Amino acid sequence: MGAVAERVRMRLTPLRLGLVLAVLAAACSPSDGADRAPIESTPVTESAQSNAVSSTTAPVPVVSLPSDPAAATFDSEPCEVQMALVPLPRCGTVTVPAHWDTGLGALELAVMVLRSTSEEPAPDPVVYLGGGPGQHTLASIPALMPVLSRLRARGDVVVIDQRGMGFSQPALECPEVSDAARSIEEGLDLTDEEVAGSMRDGLELCGAQLRQQGVDLSAFTTIENAHDIEAVRWALGYPAWNLYGGSYGSRLALEVVRQHPDGVRSMALDAVYTPDADFVVDGALANRASLDAVAAACRAEPACRSQGDLLERIRAEVAVLDEAPLVISLTDPTTGEVDIVTVDGRLASQMILVMLRTVYFFVDLPELLTQLEQRNGAGVGTVLNALRAGDEVLSLGAFWAFTCNEEVPFADPAAVEAAVPADPFGRQERFDGALPNSGPEAFESCRAFGLSGEPDPVLNQPVESAVPALLLAGRYDPRTPAAWAESAAEHLSAGHLLIDPNGSHGVVGSPCTLDLLMDFLDDPKAEPERTCFGPGRLPFVDSLRTPAPAMPTVTYPSTDGASLITTVRPEGWSLSPDGDAAWRRETVLDPAVLIQDAGGTGLVVTMASIVLAEFGVQMEGSEKVTRHGRTWLHRTGTGPTATLEWFETDIDGRSVIVVLAAPPADLDRLRRGVLNPALDAIELG
């Protein structure tokens with residue numbers, strides 16, 4: 001998802017990985033479907049990676065700016081994120097006051113406008129509001145392109161790094177937190193309380209360092225953030241636009257509507273985080289409810305149920321790992337660096353909590369447990385490598401500033417204490433240390449960070465609005481429960497609520513939900529189509545290996561929109577939003593996918609980078625192969641979980657790529673039944 005230079009990389013050795021996963025579980029950034037499909041962009045370049053706050057960062061200037069968002073201006077600058085897009089993006093910054101009520105202080109917002117690919121773009125663009133809070137939104141654009149490409153086909157898409165995050169200045173990074181974890185990474189015998197204490201030490205150092213740099217941490221609230229978004233609209237000259245936010249981005253969208261309703265045509269909210277939600281109370285409860293729901297779904301599938309109760313298996317394996325940790329070798333797929341990771345019960349439980357956020361991960365829990373019971377660490381390594389991408393996508397200082405300014409202060413310590421559930425992993429009686437920003441630990445975290453102010457009461461009140469709204473929620477969401485979306489919808493008179501029975505934290509990304517989103521943008525007042533959601537039965541063990549599929553003929557546009565591809569692809573496999581990739585099972589432990597795309601000269605380089613990031617495979621060797629009178633360049637590669645067959649050729653001056661990734665045991669069957677028919681059938685029109 002892109003990295004930022006000068007940031008301290010969190011190496012995922014045992015204890016530090018546990019802390020990283022705890023923070024990722026606490027952060028609210030939807031991921032379902034957004035990280036599975038090839039994209040049309042090139043990776044973020046090294047030259048583009050420069051924005052972090054470090055010990056040498058200059059103090060924030062104390063200046064006075066106009067306190068009217070309508071006075072904001074856009075300063076064009078080179079794009080920080082280099083992308084091969086047509087038309088070229090428009091990039092720059094908008095300078096805003098740290099405090100809008102006084103105009104004091106100056107913050108710089110990084111903005112990128114993805115120009116529409118339509119010949120007649122809609123006049124009202126979509127502004128994408130990232131989650132977290134703290135998401136490096138601009139650096140995440142390559143991973144978001146399957147969704148953003150659909151939106152660009154309608155009109156412009158505006159992407160903003162919110163105050164304190166990503167490429168915006170100052171960016172509130174917290175290397176001190178990872179440094180604290182580094183200092184105790186060998187301490188596998190530490191208690192959970194000692195680990196939490198180390199996290200608090202890192203937060204205390206981070207807060208002190210940011211203040212020393214002149215950062216006014218009280219300026220980071222959603223009301224100030226909402227005024228920023230309105231300022232960007234004025235600076236770009238749009239009369240009105242559509243808000244699209246996931247998780248914390250949905251909370252920000254609601255606040256923009258409350259503060260500046262006249263500039264909003266509609267809002268689409270995914271994984272709804274309503275202002276009056278109490279995450280400090282609900283955090284551990286939502287995790288427990290999600291795990292219980294996943295276990296119930298496993299019991300509903302005979303093959304999964306036959307392996308034993310999922311919760312009982314998890315508790316048993318966590319206990320075994322606490323007594324006899326599993327040591328695995330973890331290779332970074334992009335750098336080749338090798339970590340020796342000791343998987344104990346604490347790390348396993350934190351990993352499972354993060355897996356709950358995405359159906360793509362948690363339907364593999366039965367298979368993962370089977371491997372662990374056999375003392376096989378291959379599946380754990382695959383999951384951890386897949387989760388590593390999240391260690392550098394949040395400005396942790398911003399995450400804690402927003403959390404401590406407007407979430408924790410509204411929580412009642414007595415109510416929080418009373419709501420602590422039993423530990424579903426059986427490691428302790430209470431589940432009060434599951435997340436550093438929920439339960440009793442949240443108060444300690446904010447005290448360590450040095451924030452305990454008096455927030456504006458409006459930040460804890462629901463938003464009443466008649467702006468058309470599409471609210472999307474996932475049945476299994478452990479971060480923003482569907483009940484929050486239901487509560488928000490009660491206050492939105494023109495709101496449409498849809499709950500995906502097979503979804504988790506963030507449901508936009510599948511063809512179904514993307515179609516719903518696009519239909520909503522076309523006519524925000526119309527009742528949305530609800531029949532495209534699945535029946536509510538998740539695939540666990542039954543679908544781990546499917547029979548050889550039928551291969552019907554299909555036609556779809558290439559991801560750059562310049563060609564029509566006619567070919568064959570597996571019936572019943574899950575499609576990427578652009579249709580260029582078909583996934584057999586769409587889960588982390590089944591890598592089987594067929595990719596067929598066409599593009600310009602950059603396609604091969606882009607696809608090679610995607611293959612490396614997705615599968616940890618560097619394609620090797622080459623040979624020329626002739627099939628049906630057409631010459632292909634053939635390469636192969638093997639990674640931790642998949643063997644890849646890569647074919648590329650030229651058709652009518654266009655690069656064409658056909659790639660099969662398959663588990664080694666299934667390679668021969670999928671080569672015969674899937675890859676070869678696709679190679680023989682593909683044509684451009």
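A residue counts as buried when its relative accessible area is under 20%. Keep that cut-off handy, and remember that this is a predicted model.

**Exercise 1.** Work out whether Phe-425 and Phe-431 are buried or exposed.

*Solution.* Start with Phe-425: its relative accessibility is 3%, so it counts as buried. Next, take Phe-431, which has a relative accessible area of 4% and is therefore buried.

**Exercise 2.** How many aromatic pairs does a search of the whole structure find, and what kind of pair do Tyr-360 and Phe-361 make?

*Solution.* The search turns up 11 aromatic pairs. For Tyr-360 and Phe-361, the ring centres are 4.9 Å apart and the planes sit at 70°; over 60 degrees counts as edge-to-face, so that's what this pair is. Now try Phe-425 and Phe-431: with centres 6.2 Å apart and planes at 55°, the pair is tilted, because the angle falls between the 30 and 60 degree cut-offs. Ring pairs also link up Phe-220, Tyr-248 and Phe-402 as a cluster.

**Exercise 3.** Find where Asp-500 is placed, and say which side chain of opposite charge is nearest.

*Solution.* First, locate Asp-500: it belongs to strand S11, residues 495-500. Finally, check its contacts beyond four places in sequence: Ala-473, Gly-474, Arg-475, Val-507 and Phe-533.

**Exercise 4.** Which ring does Arg-475 lie over?

*Solution.* Follow Arg-475 to the face of Tyr-476, where the ring centre is 5.1 Å away. For another case, see Arg-251, whose charged end sits over the ring of Tyr-273, 4.0 Å from the centre.

Terms used. Residues are numbered from 1 along each chain as its sequence is written. This is a predicted model: local features need pLDDT of at least 70, side-chain atom pairs count only at pLDDT 80 or more; totals for chains, interfaces and linings use all residues. Side-chain values use heavy atoms; hydrogens and water are left out. Helices (H or I, at least four residues) and strands (E, at least two) are DSSP runs, numbered from the N terminus. Buried means under 20% relative accessible area, exposed over 50%, partly exposed in between (1.4 Å probe, protein chains only). Lys and Arg count as positive and Asp and Glu as negative; His and the chain ends are not counted. A salt bridge is a side-chain nitrogen of Lys or Arg within 4 Å of a carboxyl oxygen of Asp or Glu. Contact means heavy atoms within 4.5 Å. Rings of Phe, Tyr and Trp (its six-membered ring) pair if their centres lie within 6.5 Å; planes under 30 degrees apart count as stacked, over 60 as edge-to-face and the rest as tilted. A charge sits over a ring if NZ of Lys or CZ of Arg is within 6 Å of the ring centre and within 35 degrees of the ring normal.
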